[in-house]
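This briefing goes through a few local features of one protein model, grouped by topic. The points can be followed with the sequence and structure open.

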Amino acid sequence: MLALVFEPPGAEDMERRLVLQKLEKVDTSSSAARPARAQHDLRHVSILLIDDDPQAQALIEMALIDAHFERKIEVISTAAAGLQRVKADEHDIYLVDQRLPDGTGIDLIRTAKEMGTDKPFILMTGYGSGALDEAALREGAADYVEKHLVGAHLERSIRYALRDWQSNRALHDREEQLRQSQKMEAIGRLAGGVAHDFNNLLTAIIGYTDMIEERGDVDPSTTREVREIRRAADRGAALTRQLLAFSRKQFLNPTVININESVAGLLHMLPRLIGDHIHTDARLGTSLGFVKADASQIEQVIVNLVLNARDAMPGGGHITIETANATLDEERLAEEGLTLEPGEYVTLAITDTGAGMDEQTRAHAFEPFFTTKAKGKGTGLGLATVDGIIDQSGGAIAMDTAPGRGTSIRVYLPVTTASPIPERPHIAPLATEGTETLLLVEDNDAIREISARALRRRGYTVHEARNAEEAIEWAATSPRRAEMLITDVVMPGLSGPNLAARLMQQNPKLRVLYMSGYTDDATEVHGTFWGGVPLLQKPFTPAQLAERVRMALDQNPSA
């Protein structure tokens with residue numbers, strides 16, 4: 001709380017305040033805490049006085065004797081030396097005499113502004129004129145004070161200049177947050193769309209390679225080549241999962257888990273990932289709270305953070321993995337720069353003894369495609385993927401780093417009161433074949449064709465439709481009744497869920513299986529007439545499709 005009394009705000013101040021209130025609501029669309037600029041305490045003001053008059057400091061001290069703030073004044077007598085001190089950015093405000101031995105105050109202010117200085121300048125002069133006043137304001141001075149009036153006006157000018165500067169800086173920071181949020185949203189939408197389309201391509205590639213391998217007449221050379229194609233497709237699928245992760249569009253299967261178990265399950269494989277030149281130490285907290293998250297994705301978070309730490313220590317070092325319970329109150333949240341609700345959390349911290357990051361690198365660390373590695377050595381998706389997973393899981397990330405001090409990344413996930421559900425043993429279907437009639441609706445020709453071929457090979461009768469309208473027409477005119485609808489979620493025209501609703505009015509016993517590429521589609525599924533429909537995530541294999549179809553057909557309708 002500042003012990004300063006300000007004049008009632010004018011129209012410009014009210015407008016600025018309204019803009020700030022609007023920007024307060026901006027969501028930066030990222031769980032990672034961004035480094036905030038330090039706020040100056042205006043009860044303690046550091047002043048740089050650039051004036052060659054030997055009595056200048058005494059004059060200023062006398063003018064500010066009753067000021068509402070404590071002050072520290074540094075005096076510089078030349079423009080050149082003054083610019084060097086301005087460049088050092090160690091003061092809150094600059095008082096500049098117009099007449100200096102090596103230039104003018106206006107020239108100094110112009111040069112400083114061109115260098116990027118945004119802190120306030122007050123021009124002082126022994127004589128005044130309207131032209132000088134206009135020139136000072138034109139060059140960016142916050143105010144203009146004649147020396148014989150400093151006793152009456154200087155203290156007020158300093159207070160108002162600092163107040164306006166802080167307001168403008170806060171507005172600028174909020175605008176930067178808004179621009180960053182809009183940029184990340186645009187990148188996320190683009191990446192999510194690319195991943196969605198790429199998943200369609202991968203489904204076809206994986207499907208055809210598996211169909212070739214299922215044939216018994218393929219020679220060994222062809223089999224090897226097909227497996228190489230499949231491995232490349234699997235790598236492509238992994239990349240699309242990363243794209244969907246940072247764009248917050250991936251599928252998650254949240255369960256109640258203990259983070260300690262996730263860490264312990266990975267400890268045996270970490271040496272193979274990071275090499276013998278890096279030592280890993282795990283310090284797992286006792287009586288750790290449970291969290292609700294996707295276990296496989298949390299493992300991905302741990303691996304990505306460990307690999308990021310490894311890359312910061314090419315010559316070797318130490319990685320510490322810690323878990324603990326944490327109570328985050330308002331004060332702790334502010335210290336960490338987090339926007340979470342106060343409450344109980346589980347902390348996963350990974351600390352390295354590497355090179356650390358400077359402020360510029362830190363500011364971009366969680367942005368997609370940002371990397372400090374050489375060209376071709378990294379995708380820039382490691383930390384962005386972590387950020388996306390944690391954000392989707394309701395958590396947040398804080399980071400401490402500095403050049404030469406290493407990096408510590410702390411993940412916070414909210415504690416859940418739910419209890420873990422014992423895992424049920426996986427019972428594979430006895431068979432994936434069948435003789436039922438299936439209606440397959442998919443606007444992507446390659447996916448529709450490979451899916452139909454895979455199901456027909458297993459004995460099903462499959463009718464294909466390129467869109468919902470064709471499916472409705474077939475259902476209305478065909479003498480056969482489909483026992484299952486297999487449909488993409490988002491298609492031109494009528495969507496998959498709306499198609500299912502229409503067909504189930506005619507055939508209440510119709511089973512439904514959705515296919516989808518990312519969670520925007522899943523949201524549409526769960527936001528419509530029926531949220532209990534099974535969903536098959538793309539890319540999928542012919543075997544996975546056949547298994548899900550058989551399971552859905554055999555499922556108890558009341559289940």
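Ser287 lies in the loop that links strand 9 (278-283) to strand 10 (291-293). The model is a predicted one. Ser287 has a positive phi of about 50° although it is not a glycine.

- Most residues other than glycine have a negative phi, and most peptide bonds are trans.
- Ser287 counts as exposed because its relative accessible area is 70%, over the 50% cut-off.
- Asp89 is another non-glycine residue with a positive phi, near 55°.
- The loop that holds Asp89 runs between helix 3 (79-88) and strand 3 (93-97).
- With a relative accessibility of 46%, Asp89 is classed as partly exposed.
- The peptide bond between Lys538 and Pro539 is cis, with omega at about -5°.
- Pro539 sits in the loop between strand 19 (535-537) and helix 18 (542-554).

- Arg550 belongs to helix 18.
- Arg550 is buried, because its relative accessibility is 9%, under the 20% cut-off.
- The Arg550 side chain makes a polar contact of 3.2 Å with the side chain of Tyr460.
- A further polar contact, at 2.8 Å, links the side chains of Arg550 and Asp554.

- Five strands form an open sheet in the order 2-1-3-6-7, and their pairing is parallel.
- Strand 2 (70-76) and strand 7 (143-146) are the edge strands, each pairing on one side only.
- From one strand to the next, the twist averages 25°.
- Seven bridges connect strand 1 (residues 44-50) with strand 2 in the parallel sense.
- Ile50 has Ile76 of strand 2 as its bridge partner.
- Helix 2 (residues 56-63) lies across strand 1, strand 2, strand 3 and strand 6 (121-125), and runs at about 165° to strand 2.

- Helix 10 (residues 295-311) contains 17 residues.
- From first C-alpha to last, helix 10 reaches 25 Å, close to the 24 Å expected at 1.5 Å a residue.
- Buried residues of helix 10 include Ile298, Val301, Ile302, Leu305, Val306 and Ala309.
- Gln297 and Asn304 are also among the buried residues of helix 10.
- In soluble globular proteins, nonpolar side chains tend to be buried together.
- The largest nonpolar core has 35 residues, of which Ile259 and Ile319 touch the most other members.
- Helix 10 supplies the largest share of this core, seven residues.
- Neighbours within four places in sequence aside, the contacts of Ile319 include Val306, Ala309 and Arg310.
- Other contacts of Ile319 include Ile274, Ile278, Met313 and Ile350.

**Strand 14 and its partners**

- Seven of the eight residues in strand 14 (residues 407-414) are buried, so strand 14 is largely enclosed by the rest of the structure.
- Strand 12 (residues 343-352) runs antiparallel to strand 14, and eight bridges join them.
- Asp352 stands opposite Thr407 of strand 14.
- Strand 13 (residues 396-401) also pairs with strand 14 in the antiparallel sense, over six bridges.
- The bridge partner of Asp400 is Ser408 in strand 14.
- A hairpin is formed by strand 13 and strand 14, with five residues between them.
- Gly404, in the turn of this hairpin, has a positive phi of about 85°.

Terms used:
Residues numbered from 1 in each chain as written. Predicted model: local features only at pLDDT ≥ 70, side-chain atom pairs only at ≥ 80, totals over all residues. Heavy atoms only, no water. Helix = DSSP H or I, 4+ residues; strand = E, 2+ residues; numbered from the N terminus. Buried < 20%, exposed > 50% of the residue type's maximum accessible area, 1.4 Å probe, protein only. Pairing = 2+ DSSP bridges. Axes fitted to C-alpha atoms, helices over the stretch in contact; angles between N-to-C directions. Contact = heavy atoms within 4.5 Å. Polar contact = N/O pair within 3.5 Å; in protein donor to acceptor, adjacent residues only side chain to side chain. Expected span 1.5 Å × (residues − 1). Core = buried A, V, L, I, M, F, W, Y, C linked by side-chain atoms within 4.5 Å.
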